[in-house]
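This briefing covers the contact between two chains and some of the side chains in and around it. Please look at the structure first, then read the points by topic.

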Amino acid sequence: MSLTTATIPVEAAAVHMDDVAYHYPDGHQALRGVDLTIEAGERVALLGPNGAGKTTLILHLNGILSPTAGAIHIGGLPVTKPNLKEIRRRVGVVFQDPDDQLFMPTVRDDVAFGPANLGLSGTVLDERVHAALGAVGMEHAGDRPPHHLSFGQRRRIALATVLAMDPQILVLDEPTSNLDPAARRDLADILTTLPVTVVIATHDLPYALELCPRTVILNDGAIVADGPTPEILGDAELMATNRLELPYGFHPTHT
Amino acid sequence: MSGGHGHAHGLYRPGHSLVHRLRPDAKVAATLAFVLAVVATPRTAFLAFAVDAALVAVVARTAAVPLPVLGRRLVIEAPFVAFAVFLPLVGEAPHTDVLGLSLSVPGLWAAWNILVKGTLGVSATILLASTTTVSELLCGLDRLRVPRAFTAIAGFMVRYVEVITGEARRMRIARLSRGYDPRWIWQGRALASSAGTLFIRAYERGERIHLAMLSRGFAGHLPPAAHDRADRREWLVAALVPAVAAAATLTAWIHA
């Protein structure tokens with residue numbers, strides 16, 4: 001996939017969140033002053049217990065939710081209403097449940113949905129769809145209805161629907177949940193070859209260690225740790241206070 | 001979430017026949033025209049109905065849909081047939097005696113009218129559904145300028161009906177696993193709250209789908225379907241069947 005580079009100034013961070021706070025309409029405070037900068041090309045794991053605000057943070061990155069306080073910039077561009085179309089082109093979000101994401105009658109139509117919204121049509125659109133399906137190894141599935149595919153295949157198609165929009169930042173919410181080990185491996189192989197900034201919200205700590213050099217821990221709506229993944233996963237006290245736990249027998253420093 | 005394999009193909013029978021290959025817009029239009037021709041046939045025109053039945057048989061043969069399969073699928077017609085059977089018993093005079101039963105002659109004609117036109121019309125739509133996938137059908141309707149809102153709603157329904165029934169099935173299994181075995185009406189409370197929960201979940205899923213669509217730049221309009229239109233040759237081939245049926249109907253009217 002080709003990347004559009006002309007629109008971003010070199011020095012602008014891929015993601016810049018400045019003291020971002022958000023409370024839901026019912027008053028629940030989901031984010032309390034999040035400061036986060038992610039440089040272009042980084043792969044960052046977003047860890048934290050259930051209800052820490054990971055999904056809320058993700059929905060801020062592409063402007064689905066607007067912060068009640070603070071500001072967010074994506075590649076230097078502020079996330080505001082007039083910029084939403086460009087923001088959503090730059091930030092591709094792969095949601096946790098592929099059934100939420102795939103809704104068109106065929107896989108090809110679904111992958112074409114995003115780029116068509118960006119105004120592409122004809123052979124340009126076809127090429128985008130083909131390239132995106134190729135990137136996830138699902139070229140043969142174009143004519144099939146999404147609900148006839150296996151869960152792992154649907155997760156890959158969900159990734160393709162986002163890749164087809166040629167994003168600069170790829171955000172994945174729990175990408176390995178419910179995947180068998182082989183599908184989990186396939187997804188890792190795809191993610192490591194993509195030349196984009198990647199943010200992965202996950203409970204799968206070995207996966208975070210493998211894919212993401214940097215880890216951010218979110219707890220109760222605030223960032224409580226930010227650093228190299230092996231260091232963070234090796235800090236037993238930090239892990240325990242944030243309800244994080246390595247799989248039995250797994251040592252982050254021995255791999 | 002379970003995979004949901006196979007059973008969702010519905011009425012579609014995969015194949016490569018001429019009927020399968022015709023573009024959906026021509027097929028939908030031809031089916032509609034055929035049904036209109038059948039409905040417009042005077043009920044006394046037995047020959048015209050025989051022609052229509054022969055057309056159905058020829059198309060079924062071409063599409064490799066066995067007649068027993070067609071017959072089984074015609075069961076959907078049953079409620080109308082039941083109604084038709086009822087008519088001769090309650091119709092007006094004059095009456096005629098059949099096997100000791102006094103049957104109304106206008107009632108018999110009305111029953112025959114419902115039965116023959118219903119059967120032919122349902123057969124035609126069964127053949128359409130057997131040779132056209134749901135997504136092709138939606139695309140065909142789109143090409144025939146049915147408003148996008150309608151085809152989009154139908155498309156969403158087809159896409160998610162399985163997800164929701166799957167959710168309902170898992171909730172039922174979970175209820176049964178906890179020893180729920182309702183026998184009396186006052187035990188239906190769990191069932192009612194399950195239905196409520198299912199509604200809320202479907203609603204919330206709808207919201208999540210909308211979010212996922214917004215994330216991909218959705219601005220209120222679905223992109224047009226990316227399939228080819230039927231060309232003139234295909235329209236001509238598709239028009240053959242309703243043309244013959246219409247000719248039979250016209251002939252019947254002229255001779256009536």
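A:F103, A:F113, B:F156 and B:F218 form one aromatic cluster; rings of Phe, Tyr and Trp (its six-membered ring) pair if their centres lie within 6.5 Å, with planes under 30 degrees apart counted as stacked, over 60 as edge-to-face and the rest as tilted. This is a predicted model, in which local features need pLDDT of at least 70, side-chain atom pairs count only at pLDDT 80 or more, and totals for chains, interfaces and linings use all residues. Residues are numbered from 1 along each chain as its sequence is written, chains are lettered from A and ligands numbered from 1 in the order in which they are written, and side-chain values use heavy atoms, leaving out hydrogens and water.

**Aromatic pairs**

- Over all chains, a search of the whole structure finds 8 aromatic pairs.
- A:F103 and A:F113 make an edge-to-face pair, at 4.9 Å centre to centre and with 85 degrees between the planes.
- This pair links distant parts of the chain, 10 residues apart: A:F103 is in the loop between α3 and α4 of chain A, and A:F113 is in helix α4 of chain A. Helices (H or I, at least four residues) are DSSP runs, numbered from the N terminus.
- Both A:F103 and A:F113 are buried, where buried means under 20% relative accessible area, exposed over 50%, and partly exposed in between (1.4 Å probe, protein chains only).
- A:F113 and B:F218 have ring centres 5.8 Å apart and planes at 25 degrees, so the pair is stacked.

**The contact between the chains**

- Chain A gives 31 residues to the contact and chain B gives 29 residues; contact means heavy atoms within 4.5 Å.
- Between them, chain A and chain B bury about 2,700 Å², 56% of it on carbon and sulfur atoms. Buried area is the accessible area (1.4 Å probe) that two parts lose on being put together, summed over both.
- A:D100, A:F103 and A:H147 supply 25% of the area that chain A buries against chain B, more than any other three residues.
- Across the interface of chain A and chain B there are 12 residue pairs in polar contact (both at pLDDT 80 or more). A polar contact is a pair of N or O atoms within 3.5 Å; within protein, one must be able to donate a hydrogen and the other to accept it, and residues adjacent in sequence count only if both atoms are side-chain atoms.
- On the side of chain A that touches chain B, α3 (98-101), α4 (107-117) and α6 of chain A each supply at least two residues.
- The most comes from α4(A), with 6 residues on the side of chain A that touches chain B.

- A:D110 lies in helix α4 of chain A and counts as buried, at 0% relative accessibility.
- Leaving aside neighbours within four places in sequence, A:D110 is in contact with residues including A:F103, A:P146 and B:R216.

**Salt bridges across the contact**

- The count between chain A and chain B is 5 salt bridges; a salt bridge is a side-chain nitrogen of Lys or Arg within 4 Å of a carboxyl oxygen of Asp or Glu.
- A:D100 and B:R208 meet through their side chains in a salt bridge (2.5 Å, N to O).
- A:D100 also forms a salt bridge with B:R205, where the closest N and O atoms are 2.9 Å apart.
- The pair of A:D100 and B:R205 crosses between chains, from helix α3 of chain A to helix α9 of chain B.
- B:R205 meets B:E167 in another salt bridge (3.2 Å, N to O).
- B:E167 is buried, with a relative accessible area of 8%, and B:R205 is buried at 4%.
- A network of salt bridges links A:D97, A:D100, B:E167, B:R205 and B:R208.

- A:R156 sits in helix α6 (residues 151-163) of chain A and is buried, with a relative accessible area of 17%.
- A:R156 forms a salt bridge with A:D186, the closest N and O atoms being 3.7 Å apart.
- A:D186 is partly exposed, with a relative accessible area of 31%.
- The side chain of A:R156 also reaches the backbone oxygen of A:V136, at 3.1 Å.
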